[in-house]
Amino acid sequence: MLRSTLLWASRNRAIERLVRSSRAMRPLVSRFMPGETVADALRAAGALQAEGTPSIITYLGENVASDAAADATVAEYERLLGALAAQALDAHVSIKLTQFGWDLDRERALDRVRAVARMALAGRTTLAIDMESSPYVDSTVDAYETLAREFPCVALCLQAYLHRTPADARRLLAVRPYIRLVKGAYREPASVALQRREDVSARYRELARELLGHADDGVRVAFGTHDLDLLKLLLRDTRELRVPPSAYEVQMLYGINSEARRALAAEGERVRVLISYGAAWYPWFMRRLAENPANLLLVARSLGRRPA
Ligand SMILES: Cc1cc2nc3c(=O)[nH]c(=O)nc-3n(C[C@H](O)[C@H](O)[C@H](O)COP(=O)(O)OP(=O)(O)OC[C@H]3O[C@@H](n4cnc5c(N)ncnc54)[C@H](O)[C@@H]3O)c2cc1C
């Protein structure tokens with residue numbers, strides 16, 4: 001119920017204005033992101049690298065409404081990739097298709113993504129495509145299939161909660177995909193997605209095992225989760241299936257379960273941290289709040305501490 005309300009609020013303009021103008025919310029936002037500029041993201045990636053942790057950087061934004069905004073997204077990612085190459089950071093880059101004008105003209109948007117993919121390839125890094133809400137899944141899987149044939153450096157996020165994902169995963173085996181597997185962050189109806197946490201976790205593990213079974217063919221999997229019980233099972237599966245370390249890694253979000261991340265790294269697992277930056281943080285921030293009821297306690301504390 002609470003999760004649903006927060007996910008509904010993530011798309012509500014009036015609530016967005018309220019939250020964005022609330023100074024009391026700022027410290028809470030900064031728990032999940034290091035700042036709004038490339039420099040902030042690079043500083044965070046540098047600090048993580050100093051402790052041996054690689055990263056993924058994403059520039060926040062979705063559903064842009066003009067070609068000018070979509071072109072500005074390309075310019076921002078070019079700036080980011082240029083800076084990453086200059087600093088020799090082990091950092092992937094992650095994007096959302098709707099940042100590139102996917103709602104306006106898909107061919108033009110795909111060409112914009114190609115421009116960024118070319119730069120990622122030249123910089124020997126990975127360009128990951130996030131998965132957005134269910135109306136975008138069909139076209140995102142198609143786009144990935146096309147891009148994966150052109151660029152060996154692209155990766156795709158698949159959401160375990162969707163009923164369709166096992167079929168998508170099987171279809172993509174033909175392009176030897178690099179899949180970031182996540183539970184799924186959006187509000188989706190029961191006709192589209194599993195609703196119970198246990199079911200989503202069980203499906204997640206099945207999907208991971210199936211993909212890992214193709215590691216010898218070049219399939220790679222990133223476990224994008226903070227669920228430590230699930231991770232324990234997934235890592236056990238990698239050993240049972242004799243998956244080489246180069247074929248999998250754990251990925252977590254900046255600011256979440258950092259202690260567990262360090263413990264996993266100390267056990268020899270590669271754990272990559274996704275750093276988000278940019279001014280368009282509102283819908284993304286609300287999805288983060290919705291993921292953990294404990295975050296609401298933090299909201300209540302923030303609001304109690306200072307006037308909005
Ligand atoms: C690297 C990465 C990339 C992602 N990319 C996408 C994407 O492209 N599309 C998409 O739909 N979703 C994406 N997600 C989000 C994902 O779908 C889940 O919503 C999110 O990871 C929470 O689920 P969980 O697997 O961590 O498990 P949960 O069972 O939700 O959480 C397990 C535990 O982790 C901690 N935790 C999890 N989330 C939070 C939080 N926000 N705040 C505080 N503690 C938390 C809590 O301790 C919780 O008990 C991504 C997640 C990661 C880690």
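**Close-up views of a predicted model**

**View 1. Asp138, a residue at the exposed end of the scale.** With 11 C-beta neighbours inside 10 Å, Asp138 counts as exposed, because a residue with 12 or fewer falls in that class. This model is predicted, so please read each view with that in mind. Asp138 belongs to helix α7, which covers residues 137–150. Now look for Arg164: Asp138 and Arg164 are 26 residues apart along the chain, and their C-alpha atoms are separated by 9.6 Å.

**View 2. Ala190 in a loop.** Find the loop between β5 and α9 (197–212), and you will find Ala190. Is Ala190 buried or exposed? Ala190 counts as exposed, since 9 C-beta neighbours lie inside 10 Å.

**View 3. Two arginines with a positive phi.** Here is some background for this view: most residues other than glycine have a negative phi. Arg176 is not a glycine, yet its phi is positive, at about 45 degrees. You can find Arg176 in the loop between α8 (165–172) and β5. Arg176 is partly exposed, with 13 other C-beta atoms within 10 Å. Arg242 also has a positive phi, near 55 degrees. Its place is the loop between α10 (228–240) and β7. Arg242 counts as exposed, with 9 C-beta neighbours inside 10 Å.

**View 4. Helices α1 and α12, side by side.** Helix α1 takes in residues 2–9, and its axis comes within 8 Å of the axis of α12. The two axes cross at roughly 180 degrees, so α1 and α12 are roughly antiparallel to each other. On the α1 side, the contact is made by Arg3, Leu6, Leu7 and Ala9. On the α12 side, Met286, Arg287, Leu289 and Ala290 take part. By class, the residues of this contact are 6 nonpolar, no polar and 2 charged.

**View 5. Helices α5 and α6, another helix pair.** Helix α5 (residues 67–87) packs against helix α6 (residues 106–122) at an angle of about 5 degrees, with the axes 10 Å apart. That angle makes α5 roughly parallel to α6. From α5, look for Ala70, Val74, Tyr77, Glu78 and Leu81 in the contact. From α6, the contact residues are Ala109, Arg112, Ala115, Val116, Met119 and Ala120. This contact divides into 9 nonpolar, no polar and 2 charged residues.

**View 6. Around the ligand.** Which residues come nearest to the ligand? Of the 24 residues around the ligand, the nearest are Asp130, Gly224, Thr225, His226 and Glu291. Elements that give two or more residues to this shell are β4 (154–159), β5 (178–182), β7 (248–253) and α12 (282–291). Strand β7 gives the most, with 3 residues.

**View 7. Inside the largest nonpolar core.** In soluble globular proteins, nonpolar side chains tend to be buried together. The largest nonpolar core of this model has 89 residues, and Leu181, Val221 and Ile275 touch the most other members. Which residues does Val221 touch, not counting residues up to four places away in sequence? They are Ile179, Leu181, Ala208, Leu211, Leu212, Ala247 and Tyr248.

Key
Residues numbered from 1 in each chain as written. Predicted model: local features only at pLDDT ≥ 70, side-chain atom pairs only at ≥ 80, totals over all residues. Core = buried A, V, L, I, M, F, W, Y, C linked by C-beta atoms within 7 Å. Buried ≥ 20, exposed ≤ 12 C-beta atoms within 10 Å, placed from the backbone. Contact = placed C-beta atoms within 7 Å. Near = placed C-beta within 6 Å. Helix = DSSP H or I, 4+ residues; strand = E, 2+ residues; numbered from the N terminus. Axes fitted to C-alpha atoms, helices over the stretch in contact; angles between N-to-C directions. Parallel < 35°, antiparallel > 145°, perpendicular 65-115°, else oblique. Nonpolar A, V, L, I, M, F, W, Y, C, P; charged D, E, K, R; others polar.
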